[in-house]
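Dear colleague,

I am handing over the structure below, and I would be glad if you could look through it with the notes that follow.

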Amino acid sequence: MSLKRLAILGGEPAFKEPLHVGRPNLGDREVLFHYLNQVLERKWLTNNGPLVRELESRIAKILGVKNVVATVNGTLGLEIAIRALGLQGEVIVPSYTFAATVHSLFWLGIKPVFVDVDPVTYNVDPKQVRRVITPETSGIMSVNVYGRPSDIERLSEIARDYNLKLLFDSAHAFHCSYRGKMIGNFGDAEVFSFHATKFFHTVEGGAVTTNDEQLAEKLRAMRDFGYVGLDQVEYVGTNAKMNEFSAAMGLTNLERLDEFVYVNHRNYRRYLKELDGLAGVTLMRYEETEKRNYGYIIIEVDPDVTGLTRDQLAKVLWAENILARKYFYPPCHLMEPYRTLLPQARSRLRETERISSRVLALPTGISIKEEDIETISSIIELAIRNADGLKNIR
Ligand code: T4K
């Protein structure tokens, strides 16, 4: 494309309508209406309805896992998993994640103990984990950031050595694999998010998965106020139930799951081609030998090479109606209340702070066309070429 002038410098925006990161992928309307009609006719709207059960069993098959407990969202999924596993005291967790990961611990009175991440995978660095274990540590909660698995083997070894529970926040990692086995089968339990912005979604929703039958029973009770029978409560529970409308959306979207992955993969390869060789901009790579959902397109901007900070580049893109997002910024240890309560955490989170000041998520999903990617990439290139003229953007 021939770009004349960047919008931030007074040109016309490249896109009339905003391009969003996290634009929902939507399945076939007719299929959705078919499911919704069933729900309305049955007058069974929530509380472990037939569509929720169907969704659970379809997901269990895709993941090859024994138990899928669908939840109202990923955050409540994390909370019931944390409680069902009996986590308490201190839990080791990355700061480089979405607020929900850490809040779910703190919400339940648990102290998050932050560890740094690996600069290449952006996932918890197992070496750091060993260093922060204390007699108060009850578990490790690792995040499979952007759908790329943590170092599951080493984290499992540490959990075994120290008798700790191992929970994965796999909010980003639906339809991803680790050494040929689907994410959802590891640790004591894993938690997915099926939020509208995820490549597969149920509007709001999530699921806890586990191969431990007893744990699954407890999770099912805890998502339903602790009830195990009509008149019997056995646990402290909450209301974390998925409703039938969400399950209808999920079943609809499952029918086009392969297509969503195909388009995300195609988009990823196009970004790779367009951004290849652009000095100072590194596109996060996916290992193509494993199953991935390619749901996040992440670039790292090196200001020493590009002459532009990530924040300046974000402003350039927003002016063009490309609504790139800073996932994840700020890192959790710089959010309240953690910043005030745990000021000493900063000293061991150098990679986290470096990465979170450089990353930018770019639009993908079925709303994004290959030509859009060409334009987005040209704008990034043009911005870098004009870095001197953009120095004063704040
Ligand atoms: N763990 C991790 C690692 C997570 O990333 C998340 C959630 C969780 C746990 C918790 O799972 P849930 O409880 O959410 O199931 C968004 C999502 O709301 C959140 O689910 C997600 N991670 C996080 C990474 O992103 P925001 O605050 O950035 O959302 P918002 O409203 O700014 O929307 C993002 C973009 O999506 C915008 O550009 C607009 C677009 N959008 C959004 C919605 C809702 C649409 O185009 N249509 C829509 O319907 O958190």
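Predicted model: local features only at pLDDT ≥ 70, side-chain atom pairs only at ≥ 80, totals over all residues.

N321 is placed in the loop between helix 11 (310-319) and strand 15, and its phi is positive, at about 75°, although the residue is not a glycine.

A positive phi is also found at N48, which is likewise a residue other than glycine and has a phi near 55°. N48 belongs to the loop between helix 1 (29-42) and helix 2, and with a relative accessible area of 35% it is partly exposed.

The loop between strand 15 (322-323) and helix 12 (338-341) holds F328, and P330 is found in the loop between strand 15 and helix 12 as well. Both residues take part in cis peptide bonds: one joins Y327 and F328, with omega about 10°, and another joins Y329 and P330, with omega about -10°.

Turning to the protein as a whole, you will find 14 helices and 16 strands in it. The radius of gyration is 22 Å, close to the 21 Å that the globule rule gives for 394 residues, so the protein is as compact as a globular protein of that length. Taken along the principal axes, the box filled by the C-alpha atoms is roughly 70 × 55 × 35 Å. Of the 394 residues, 56% count as buried, and among the contacts between residues at least 6 apart in sequence, 71% join residues at least 24 apart.

The crossing in which helix 3 passes helix 7 is right-handed. On the side of helix 3 the contact is made by I80, A81, R83 and A84, and these meet L215, K218, L219 and M222 in helix 7. Sorted by class, the residues of this contact comprise 6 nonpolar and 2 charged, with no polar ones.

Helix 7 also contains Q214, which is exposed, with a relative accessible area of 68%. The C-alpha atoms of Q214 and A84 are separated by 10.0 Å, while the two residues stand 130 residues apart along the chain.

In the other pair, the axes of helix 2 (residues 50-63) and helix 8 (residues 244-254) come within 8 Å and cross at roughly 35°, and here helix 2 passes helix 8 in a left-handed crossing. Helix 2 contributes P50, L51, V52, E54, L55, R58 and I62 to the contact, where they meet E244, A247, A248, G250, L251 and L254 of helix 8. The contact of helix 2 with helix 8 is made up of 9 nonpolar residues, 1 polar residue and 3 charged residues.

With kind regards

Notes
Residues numbered from 1 in each chain as written. Heavy atoms only, no water. Left-handed = near helix turned anticlockwise from the far one by under 90°. Helix = DSSP H or I, 4+ residues; strand = E, 2+ residues; numbered from the N terminus. Contact = heavy atoms within 4.5 Å. Nonpolar A, V, L, I, M, F, W, Y, C, P; charged D, E, K, R; others polar. Axes fitted to C-alpha atoms, helices over the stretch in contact; angles between N-to-C directions. Rg over C-alpha atoms; globule rule 2.2 N^0.38 Å. Buried < 20%, exposed > 50% of the residue type's maximum accessible area, 1.4 Å probe, protein only.
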